[in-house]
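Please work from the sequence and the coordinates before reading on.

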Amino acid sequence: LRELNINGIGCTQMPIGVLNLTNLTKLNLASNQIAKIHKSLGQLRINEMILSENQLGSSTDTKDWDWLNGSNLQKSLQSLTISKNKLKIVPIGISKCENLINLDISHNEISNLPFAIKQLKRLKNLNLSNNNLKSLPCTIRKLYLDVIDLSSNQFPSFSKSLELVQN
């Protein structure tokens, strides 16, 4: 099995059987009630994960994001969608996903981006819309983005934020 869609059925936790799907390349767990992803998921070689509209922001325990520290996932993950999870911070483990091309963290409650975002050298598409961002870290200039969506944030002066991205 290469693609698994378990979306919109009200799951409160990630089905443990997913961990046995060693050929899985796409996992869609969107529109459920999942608050935590099992740490062992980081050992799979998944290319695309869709985790939008869950409860991943309900916990403040950073260990809930340990799955991002799995060496296989860090090398294989190219697209991650964690929109609509009430996230207040960007999990630092995302910055270790060296082949990430698409990152959607829109519709959350994020007020700051980590400086470590600069480590995402292959990132091309970054969606940060509908958050509480007031500024961007200067390290965002180190990214070679094709698309960045910053709409509906709290920037006091959008022209200054845009200037930061362009320089």
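**Exercise 1.** Which side chain meets that of Asp64 in a salt bridge?

Solution. The model is a predicted one, and in it the side chain of Asp64 meets that of Lys36 in a salt bridge, at 3.8 Å from N to O.

**Exercise 2.** Find the salt-bridge partner of Lys88 and classify the accessibility of both residues.

Solution. Lys88 forms a salt bridge with Glu109, and their closest N and O atoms are 2.5 Å apart. The pair links distant parts of the chain, since Lys88 is in the loop between strand 4 (79-81) and strand 5, while Glu109 is in the loop between strand 5 and strand 6, 21 residues apart. Lys88, at 52% relative accessibility, counts as exposed, whereas Glu109, at 30%, counts as partly exposed.

**Exercise 3.** Is Ser52 buried or exposed, and which residues beyond its sequence neighbours does Ser52 contact?

Solution. Ser52 is located in the loop between strand 3 (48-50) and helix 1 (71-76). Its relative accessible area is 10%, so Ser52 is buried. Leaving aside neighbours within four places in sequence, the contacts of Ser52 include Leu29, Ala30 and Ser31, as well as Thr81 and Ile82.

Methods
Residues numbered from 1 in each chain as written. Predicted model: local features only at pLDDT ≥ 70, side-chain atom pairs only at ≥ 80, totals over all residues. Heavy atoms only, no water. Helix = DSSP H or I, 4+ residues; strand = E, 2+ residues; numbered from the N terminus. Buried < 20%, exposed > 50% of the residue type's maximum accessible area, 1.4 Å probe, protein only. Contact = heavy atoms within 4.5 Å. Salt bridge = Lys/Arg side-chain N within 4 Å of Asp/Glu carboxyl O.
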